[in-house]
Structures are given as C-alpha cells and as structure tokens.
Amino acid sequence: MKNYTNHPRLQAENITLAYGERVISQSLKVDIPKGKITVIVGPNACGKSTLLKSLSRLLKPHAGSVLLEGKDIHSLPTKTVARKLGFLPQSPVTPRGITVRELVARGRYPHQTFLQQWSQADEKAVEIALKQTAITNLQDRYVDELSGGQRQRAWIALTLAQDTPLLLLDEPTTYLDIVHQVEVLNLCTRINREAGRTVVIVLHDLNQAARYADHVIMMREGQIKREGKPAEIFTVAAIKEVFGLDVIIADDPISHTPMIIPTLTQGEKI
C-alpha cells in the first residue's frame, strides 16, 4: 500500500454556494486537517453534500475559492486534480453494460497518458481495490445487475483504485446493511492509518461519526455551527442546538468515544 507523506492541503476560503439563485451557504471557511478523518454531520438539507461537492470541484462557488495545495481548484487541470483527490458522490450513475472490474478500472484513468496506457501498476491498484471492498468474486458481474449494497461497494472500489491522497465520500454507507457499513468505515480508517490518506466523509449516523472521526464539522442551515474533535463536538447542548434533539451522552464501551442516546419525552413509547 502506498504511503502518502506529503498531504495536499484542501481549504475553502469564504465560499458562497448556490444552485442557480438558491443560496445554500455563505462565507464558509474550511481547512481539512491533513492525514485525518473528517466527518461532516448535520440535519437533512443543511448543506453537507453541497459543501463536499464544492471541495471536490464538482460545484463552483459563486464567491470565494476552494484551494488545493494553495491554488484555486478550478484553475487546475482536471487530471491534476483527479490524481490528488478522489470523490464518491451520493448517487453515482452506473453505465449500462459494464462489469464491476471495468467500472473499478475507470478509477485508473487519471494516471494514464497518451504514451502510457494500461500498466502493471493499474492492474495491481484494481486488484487491491476489489479485495479491499470484498467484491473480487463479483468482478465479472454487470454492475446494473447488482444489489444496491454491492453496487455501492463497486463505486467505493473505483474511488480507491484512483489511489489519491485525498478521499471524499458522500454518504458511502447508503444502501449498506450494518455489517457492510462497519466494513466500509473500518476500511476508511485502515487506509487513513496505514497509508496516511486524508479522508472526508458525510455521514448521518452520529454514533458512527463519533467513533470514526478525528475531526467533526457540524452544520445547520448552510452554516458550520461546531468544529473540532468528537469529544468536544458531540455534547447535549450542541445536538439540541443543531438537531433539535434531546439526548444523553454516554461513553462508548468499545471505542470510548461519545455515544449519543436520544431520550423520550413524556408519553412517548418505543
């Protein structure tokens, strides 16, 4: 596994994000910690995915700049960005009539040139990505014939095969059962710890965020409300403010990270 010693720095400087005339966020400042796992959390439609799209170059800010290694990400050549930053969107569109292996192999496109097409390094990267996501046995199946969970793992494998020091994942546990959710998040931890890749993930599950994140960004209504280590961010007051939810914070007996337990108001029953 490649070891990343020089982490590209990813920042957002006073960005305003919008879809047409509909403004989602204004004056956002983000500095992604290098070599760490950052998890973005918040209620539905708070701007989590929009922020991730802007950091990945998929959405251009109406104002401000997203900086990759100190340069405006939109000023850099597409292949240059793709060799440094891998992005898995929330609902990728699967081409018809393509096998799992062919899909994962597309992750190697940024590393190929006119003079150097498919190489042994490309082959190895695909094999590793298939193995890491436990879909080697599915490699000859057509992607559009897979279950939602299997398809999601194939897309994660494509992103891993891209072999970038920065990895951005928008709700990668969507469609996955609890076993595969844990496997994917354990994989993110492993490639961060062993290879030193900087990982940014949008998650809905606060307990998963608390267990796997080194750094948490908590959003509400397009703004960053809290930011820091899980133990600092996941407090009773913060969750009430951002989610409008009454909770108890306990100690996770396995990871010793905050464990968020919703409380029931009088008269409610499970």
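Modeller: Helices here are DSSP runs of H or I with at least four residues, strands are runs of E with at least two, and both are numbered from the N terminus. Before we go on: this is a predicted model, where local features need pLDDT of at least 70 and side-chain atom pairs count only at pLDDT 80 or more, while totals for chains, interfaces and linings use all residues. Residues are numbered from 1 along each chain as its sequence is written, and side-chain values use heavy atoms, with hydrogens and water left out.

Biologist: Why is arginine 193 called partly exposed?

Modeller: Buried means under 20% relative accessible area and exposed means over 50%, with partly exposed in between (1.4 Å probe, protein chains only). Arginine 193 has 48%, so it is partly exposed.

Biologist: What does arginine 193 touch, leaving out residues up to four places away in sequence?

Modeller: Ile37 and Asp214. Contact here means heavy atoms within 4.5 Å.

Biologist: What makes the pairing of arginine 193 with asparagine 192 a polar contact?

Modeller: The term asks for a pair of N or O atoms within 3.5 Å; within protein, one must be able to donate a hydrogen and the other to accept it, and residues adjacent in sequence count only if both atoms are side-chain atoms. The contact joins the two side chains at 2.2 Å, so it qualifies.

Biologist: Where is threonine 257 found, and what makes it buried?

Modeller: Threonine 257 is in the loop between strand S11 (247-251) and strand S12 (258-262). Its relative accessible area is 15%, so the label is buried. The side chain of threonine 257 also makes a polar contact of 2.6 Å with the side chain of serine 255. Beyond its neighbours within four places in sequence, threonine 257 is in contact with Ala210, Arg211, Ala250, Asp251 and Asp252.

Biologist: How do you know that strand S9 is largely enclosed?

Modeller: Five of the six residues in S9 (residues 215-220) are buried, so the rest of the structure largely encloses this strand.

Biologist: Which strands pair with S9?

Modeller: Two strands pair if DSSP finds at least two bridges between them. Strand S3 (residues 37-41) is joined to S9 by four bridges and runs parallel to it, with isoleucine 40 opposite isoleucine 217. Strand S10 (residues 223-228) is joined to S9 by five bridges, and that pair runs antiparallel.

Biologist: Are aspartate 163 and tyrosine 175 buried or exposed?

Modeller: Aspartate 163, in the loop between helix H5 (148-161) and strand S7 (166-170), is at 18% and so counts as buried. Tyrosine 175 lies in the loop between S7 and H6; its value is 57%, so it is exposed.

Biologist: What makes S2 and S5 edge strands?

Modeller: Four strands form an open antiparallel sheet in the order S2-S1-S4-S5. S2 (22-31) and S5 (71-72) each have a single partner strand, so one side of each is left without a neighbour in the sheet. Strand S4 (residues 63-68) is joined to S5 by two bridges, and leucine 67 stands opposite aspartate 72.

Biologist: How do you know that cysteine 46 is in no disulfide?

Modeller: A disulfide is a pair of cysteine sulfur atoms within 2.5 Å, and by this rule the count is zero. The nearest cysteine sulfur to that of cysteine 46 belongs to cysteine 188, 20 Å away, which is too far for a bond. Cysteine 46 is buried at 2% relative accessibility, and cysteine 188 is buried at 4%.
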